[in-house]
Each structure stands twice: as C-alpha cells, then as structure tokens.
Amino acid sequence: MAAVDPRLMGITPAMREGSDLIRFSKEYPQRYFDVAIAEQHAVTLAAGMACESMKPVVAIYSTFLQRGYDQLIHDVAVQNLDVTFAIDRAGLVGEDGPTHHGSMDLSFLRCVPGMVILAPADEAECRAMLSAAYHHPGPAAVRYPRGTGPGVEIPAHLEPLPIGKAEVPPSGER
C-alpha cells in the first residue's frame, strides 16, 4: 500500500521492532514517525495528519492504546477521521508478561462512536483486514495476536475484505 499511496504515514510509539516496522521505516523514512513512549501523541498526530488528507496508520500494542483512549475518542472518532489502528499483541502475550496483555481492547473500542473493529482468524485474513481498514473512510482498528499465524498461504494481492460481513465457521473448526 505504501508503494502505491504516498499518503500512507506510519506512526508508532516506540514499537518499531515489535510491530515489525523496520522495513517500512527504512523504505519510507519521510513517512515514518516514532513518537517514543507517547501513545497520546501518536493518536493525536494521526488525527492531525488525517485532517490534512493523509492516511495515517498507527501501529500500537493493544495494552498501550489505553493510554491514548481520550485522544482516540475526541481527536479521531468524534470527528470521524480516517485513521487506521494496527493493534498488535491482542489477547494474552505469553513471555511479554501481564503488562503487555491486550485483553481490554475489544471492551474499550466497542463503545467508540463510528469505530470499525476487525479481528482476523489467520495471517491472510489479517492482511485483507488491514487493507479493508485502510480503505475504510473513518476510524478502523485491526487487532491481531503476538507471534505467527497458522501458516496459511498469503495472497500477493491486497484485496480488502468487505466490512460488515462475517464468516462463522461450523462448530468445532478453527
């Protein structure tokens, strides 16, 4: 997406390595912003960029998005700004420990006005949901767990999944 859309801006509060933004930061240094451990600033910076017709993507750990919750509501959602949140470390995170468990994001995001929340089942779906969130003209969050997925084949294209549709697997699958 960054290769075809110069409006894509990557923002992270000191999570470049953990959220795997190393390649992006090297290939697009003028479009990469690490705001250090300042989650509130990351969210407000994204809001400001969206006001100027940029397409910010905030890569942030689930547990640390809580620190930017007021900004998420007042600076992004109330204004229905086009900001994508790539929420890493959703759920329990094992060796990262209890301070990094991302177990609250669904609860606090569900009540945010206009927020679209996506949760993929595998890495291919994650890619498609990140594309859908990016193309959605408002606030959207894709929450995904730490680590690798089950190893499904990842398509080369960036076809977004339709928002508002779900696939419910039969009981006992996945």
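Author: Asn 80 lies in the loop between α4 (69-77) and β4; helices (H or I, at least four residues) and strands (E, at least two) are DSSP runs, numbered from the N terminus. The model is a predicted one, in which local features need pLDDT of at least 70, side-chain atom pairs count only at pLDDT 80 or more, and totals for chains, interfaces and linings use all residues. Residues are numbered from 1 along each chain as its sequence is written, and side-chain values use heavy atoms, with hydrogens and water left out.

Asn 80 has a positive phi of about 50° although it is not a glycine. Most residues other than glycine have a negative phi. With a relative accessibility of 46%, Asn 80 is partly exposed; buried means under 20% relative accessible area, exposed over 50%, and partly exposed in between, found with a 1.4 Å probe on protein chains only. Ala 36 also has a positive phi, near 60°, without being a glycine. Its place is the loop between β2 (32-34) and α2 (39-51), and with a relative accessible area of 42% Ala 36 is partly exposed.

The buried residues of α4 are Tyr 69, Gln 71, Leu 72, Ile 73, Val 76 and Ala 77. They pack against α2, α3, β4 and α5 (105-109).

Ser 62 is in helix α3 and is buried, at 1% relative accessibility. Leaving out residues up to four places away in sequence, Ser 62 touches Ile 87, Asp 88, Arg 89, Ala 90, Gly 102, Asp 105 and Phe 108, where contact means heavy atoms within 4.5 Å. The side chain of Ser 62 also makes a polar contact, at 2.8 Å, with the side chain of Asp 105. A polar contact is a pair of N or O atoms within 3.5 Å; within protein, one must be able to donate a hydrogen and the other to accept it, and residues adjacent in sequence count only if both atoms are side-chain atoms. Ser 62 and Gly 91 are 29 residues apart in sequence, yet 8.2 Å apart in space, C-alpha to C-alpha.

Thr 63 lies in α3, which covers residues 62-65, and is buried at 12% relative accessibility. Its side chain reaches the backbone oxygen of Thr 99 at 3.4 Å. Neighbours within four places aside, Thr 63 is in contact with Thr 99, His 100, His 101 and Gly 102.

Ile 60 belongs to strand β3 and is buried, with a relative accessible area of 0%. Apart from neighbours within four places in sequence, its contacts are Pro 13, Met 15, Glu 39, Leu 65, Ala 86, Ile 87 and Asp 88.

Strands β3 and β4 lead on to the largest pocket. Its lining takes at least two residues from each of β1 (8-12), α1 (22-27), β3 (55-61), β4 (84-88) and α6 (123-135). A pocket, on a 1 Å grid over the protein atoms alone, is an open set of points where a 1.4 Å probe fits, with protein on both sides within 12 Å along at least five of seven lines; lining residues have an atom within 4 Å of a point. The largest pocket has a volume of about 1400 Å³, the volume being the space filled by probe spheres set on the points, which are joined across faces, edges and corners. Its lining has 37 residues, and those nearest the centre are Ser 19, Asp 20, Arg 127, Leu 130 and Tyr 144.

The largest share of that lining, five residues, comes from α6. Because 10 of its 13 residues are buried, α6 is largely enclosed by the rest of the structure. The cover over these buried residues includes β1, β3, β4, β5 and β6 (140-143). At the start of α6, a side-chain oxygen of Asp 122 comes to within 3.1 Å of the backbone nitrogen of Ala 124.
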